[in-house]
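This report describes the fold, the surface and one selected position of a protein model. The sequence and structure are shown first.

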Amino acid sequence: FFQSDVFKRITEEDIYNGLQVVDLSSAEEGIAKDIAKHQIKAGGSRHLDQLQSILGHVRQNGLVVAADDCTDRENVVIETGAGTGMSGLVIASVIGAAQTR
């Protein structure tokens with residue numbers, strides 16, 4: 001599959017230009033208060049901005065729904081990366097809170 005000529009012609013510039021960069025951190029600024037309140041080590045302001053933007057993208061794509069809007073399916077949060085699992089913790093907490101309302 002990846003040996004195809006189509007993939008061999010894709011350049012790093014094609015990939016870079018093909019990805020849309022959207023910062024959705026400002027819509028999620030409220031989580032900073034919760035992280036501070038519970039004394040969670042989030043890794044500094046840059047990491048907090050990243051977490052807020054990731055959460056904004058999760059919400060924008062309809063992955064956080066209130067209990068009334070849930071189907072019988074279970075929510076699964078998959079943490080990727082080599083960090084402390086902070087984004088998974090934040091996203092799972094927001095999903096859990098939305099479903100208890």
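The model discussed here is predicted.

## Ile31

Ile31 has a relative accessible area of 10% and is therefore buried. The residue lies in helix α3, which covers residues 31–37.

When neighbours within four places in sequence are left aside, the contacts of Ile31 are Leu51, Gln52, Leu55 and Val90. Ile31 and Val94 are separated by 63 residues in sequence, and their C-alpha atoms are 9.1 Å apart in space.

## Overall fold

The protein contains five helices and zero strands. Along the sequence, these elements give the pattern α-α-α-α-α.

Among contacts in the protein with a separation of 6 or more, 69% are between residues 24 or more positions apart. Of the 101 residues in the protein, 23% are buried.

## Surface

The accessible surface of the protein is about 8100 Å². Carbon and sulfur atoms account for 52% of this surface.

Val6, Phe7, Ile10, Ile15 and Leu19 make a nonpolar surface patch of about 460 Å². One of these patch residues, Ile15, is found in helix α2, which covers residues 12–18.

Conventions
Residues numbered from 1 in each chain as written. Predicted model: local features only at pLDDT ≥ 70, side-chain atom pairs only at ≥ 80, totals over all residues. Heavy atoms only, no water. Patch = residues over 30% accessible without salt bridge, like charges linked within 9 Å, V, L, I, M, F, W, Y side chains within 5 Å. Areas by Shrake-Rupley, 256 points an atom, 1.4 Å probe, with all protein chains shown as cover. Salt bridge = Lys/Arg side-chain N within 4 Å of Asp/Glu carboxyl O. Helix = DSSP H or I, 4+ residues; strand = E, 2+ residues; numbered from the N terminus. Buried < 20%, exposed > 50% of the residue type's maximum accessible area, 1.4 Å probe, protein only. Contact = heavy atoms within 4.5 Å.
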